[in-house]
Amino acid sequence: MRDPYEVLGVQRGASAAAIKSAYRKLAKKHHPDANKNDPKAAARFSEVNAANEIIGDEAKRKQFDRGEIDAEGKPRFQGFPGGDPRARGRASPGGGFETFSFRTSGGPGGGFEGGAGFEDILKSMFGGAGATRGGATAFDESPFGMDLDLSVAMSVSLEEAVKGGEKRVRLPNGKELNVKVPAGVAEGQQIRLRGQGETAAGHPPGDLLITINIAPHPFFKVDGSDLRVELPITLYEAVLGAKVRVPTLGSPVELSIPKNTSSGRAFRLKGKGLPKPTGTPGDLYVTTQIKLPDGNDSKLEDLMQTWREGHPYNPRKDLG
């Protein structure tokens, strides 16, 4: 993935507010619902979400800036401290590691100097777990079985989590795979791909474990199986009532706003939330927010002045 700063079009020293603003603009611009005739919109939308997941999170942004994680949030390889930990030895009485020095001696059997064969040395190093099969040493039964599984994180949009789809994931070794995301996948859920992990001679290949992260949505907030969204309405819609278009994860719906609706009033759209394992979807809660026009409006001010003089009231009287 590209540098997340580049994806969102912000400088590395940008403020958190500037990053949030850039993300919202791009998420709205590339949202698949607004670009139904553009097959590449979903990929751009996903890239914007993934970038925001890194630099929109203060802790992850610091890790990225320090070079501890890459643009996909995966830890960068820092090298094995003190050497390769897979080169195992046996602790000596002095607290260090015992060194085995041997050289091939002549004669049948391929023995080693000091009377110890290769099998004996391996058994002493690995607790007797090594075994020879036709001259080749295998470690399948070793109690120190190598962990060949790979773990990566994959970010999906809320729409992808609900509907499923296909995503491309890049492994630490540079390999890329197409992964089918099942419909209804949840935050933190793991997808296991058998045999797609690390490989080593004498061992079956490990598995690839993909942990799902659901990227923040530009306007929906997840609350268990429910969704919440803030709906801006005009002053005259709040006073006079109106029918207002409301986005959902499916097709938009029309919501009837009653007369004299205040900011903060919540409406419940049953069954418009996230799918549940039981099959009954959650709900969508719509909270109204009265939005005044930008800039000064002298006519609106005159109207409010006249209205205030004739209809005074105190909405804060219960606050003491």
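**Close-up views of a predicted model**

**View 1. Serine 155 and its surroundings.** The side chains of serine 155 and glutamate 53 are joined by a polar contact of 2.7 Å (a pair of N or O atoms within 3.5 Å; within protein, one must be able to donate a hydrogen and the other to accept it, and residues adjacent in sequence count only if both atoms are side-chain atoms). The model is predicted: local features need pLDDT of at least 70 and side-chain atom pairs count only at pLDDT 80 or more, while totals for chains, interfaces and linings use all residues. Residues are numbered from 1 along each chain as its sequence is written, and side-chain values use heavy atoms, with hydrogens and water left out. Serine 155 lies in strand β3, residues 150-156 (helices, H or I of at least four residues, and strands, E of at least two, are DSSP runs numbered from the N terminus). Serine 155 counts as buried because its relative accessibility is 15% (buried is under 20% relative accessible area, exposed over 50%, partly exposed in between; 1.4 Å probe, protein chains only). Beyond its neighbours within four places in sequence, serine 155 is in contact with Ser46, Ala50, Glu53, Lys167, Asn213 and Ala215 (contact is heavy atoms within 4.5 Å).

**View 2. The two ends of helix α4.** Helix α4 spans residues 58-65, and at its start a side-chain oxygen of aspartate 57 comes to within 3.1 Å of the backbone nitrogen of alanine 59. Just after α4, glycine 67 has a positive phi of about 80°.

View 3. The whole structure holds 3 aromatic pairs (rings of Phe, Tyr and Trp, the last by its six-membered ring, with centres within 6.5 Å; planes under 30 degrees apart count as stacked, over 60 as edge-to-face and the rest as tilted). The pair of tyrosine 5 and phenylalanine 64 is tilted, because the ring planes are at 45°, with the centres 6.1 Å apart. Tyrosine 5 is in helix α1 (residues 4-8) and phenylalanine 64 in helix α4, so that the pair links distant parts of the chain, 59 residues apart. Tyrosine 5 and phenylalanine 64 are both buried.

View 4. Valine 229 is placed in strand β9, residues 226-233. With 5% relative accessibility, valine 229 counts as buried. Residues up to four places away in sequence aside, valine 229 touches Phe219, Phe220, Leu284, Tyr285, Val286 and Thr287. Its C-alpha atom is separated by 9.8 Å from that of proline 218, 11 residues apart along the chain. The charged end of arginine 228 sits over the ring of tyrosine 285, 4.7 Å from the ring centre (NZ of Lys or CZ of Arg within 6 Å of the ring centre and within 35 degrees of the ring normal).

**View 5. Asparagine 260 in a loop.** Asparagine 260 lies in the loop between β11 (253-257) and β12 (266-269). Its phi is near 55°, a positive value in a residue other than glycine. Asparagine 260 is exposed, with a relative accessible area of 61%.

View 6. The mean pLDDT of the protein is 79, and 78% of its residues reach 70 or more (pLDDT is the predictor's confidence in each residue, from 0 to 100). Over residues 80-116 pLDDT stays under 50, and the model has 30 contacts beyond four places in sequence for them. Residues 125-144 also stay under 50, with 29 such contacts. Where pLDDT is low, the predicted coordinates should not be read in detail.
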